[in-house]
Amino acid sequence: MKYSKATNYALHTMLFLAAATPNKPVGVQQMAEQQEVSPTYLSKILTKLVKAGMIESASGANGGYRLKRNWETISFLDIIHAIEGTASLFDCSLDHGTECMIMQVVLSAEEKMEEHLRNQTMSELVKKMKIVL
């Protein structure tokens with residue numbers, strides 16, 4: 001199983017915003033340089049995070065992006081769904097309905113993984129980072 005590069009950048013962007021300054025806007029250029037990615041590409045990812053209600057944009061000379069209120073509750077799964085969508089990772093191509101035993105095993109594993117990602121928040125990661133630093 002593999003997530004897209006966009007999801008990788010989204011997770012790192014959210015961690016960067018949470019660790020740096022949760023309330024102060026950070027420019028796209030700064031975040032793009034930090035991740036060595038095109039500002040245009042990162043802007044598309046940021047737009048998805050804005051639409052998902054995780055971050056907000058601030059215009060003007062000191063503009064950029066910042067986390068929205070209650071960012072502490074945003075999970076890895078929330079971020080992944082904002083970028084990848086919520087479709088299942090596996091789709092049985094045979095037409096035998098929900099009785100497919102293969103599908104049942106894969107969906108069970110997917111549910112366990114989603115539960116783990118739902119329980120992991122950026123705020124917990126930031127706390128661990130500050131302990132290490």
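**Surface.** I began with the surface: the protein chain of this predicted model exposes about 8700 Å², and carbon and sulfur atoms supply 54% of that area. The areas come from the Shrake-Rupley method with a 1.4 Å probe, and for residues only the protein chains shown count as cover.

**Ground rules.** I noted that residues are numbered from 1 along each chain as its sequence is written, and that side-chain values use heavy atoms, with hydrogens and water left out. As this is a predicted model, local features need pLDDT of at least 70 and side-chain atom pairs count only at pLDDT 80 or more, while totals for chains, interfaces and linings use all residues.

**Overall layout.** I looked up the elements next and found 6 helices and 2 strands in the protein chain. They are DSSP runs numbered from the N terminus: helices are H or I with at least four residues, strands E with at least two. Along the sequence the pattern reads α-α-α-β-β-α-α-α. The C-alpha atoms fill a box of roughly 60 × 35 × 25 Å along the principal axes.

**Inside and out.** Of the 133 residues, 36% are buried. Buried means under 20% relative accessible area, exposed over 50%, and partly exposed in between (1.4 Å probe, protein chains only). I also checked contacts (heavy atoms within 4.5 Å): among those with a separation of 6 or more, 65% join residues 24 or more positions apart.

**An aromatic pair.** How many aromatic pairs does a search of the whole structure find? I got 1. Tyr9 and Tyr41 form this pair, edge-to-face, at 5.8 Å centre to centre and 85° between the planes. Tyr9 sits in helix 1 (residues 5–20) and Tyr41 in helix 3 (residues 39–51), so the pair ties together parts 32 residues apart in sequence. For the terms, I kept this: rings of Phe, Tyr and Trp (its six-membered ring) pair if their centres lie within 6.5 Å, with planes under 30 degrees apart stacked, over 60 edge-to-face and the rest tilted. Tyr9 counts as buried at 17% relative accessibility, whereas Tyr41 is partly exposed at 32%.

**Thr13.** I stayed in helix 1, where Thr13 lies. Is Thr13 buried or exposed? Thr13 is buried, with a relative accessible area of 1%. Leaving out residues up to four places away in sequence, Thr13 touches Met31, Gln35, Leu42 and Leu46. With Gln35, Thr13 makes a side chain to side chain polar contact of 2.6 Å. A polar contact is a pair of N or O atoms within 3.5 Å; within protein, one must be able to donate a hydrogen and the other to accept it, and residues adjacent in sequence count only if both atoms are side-chain atoms.
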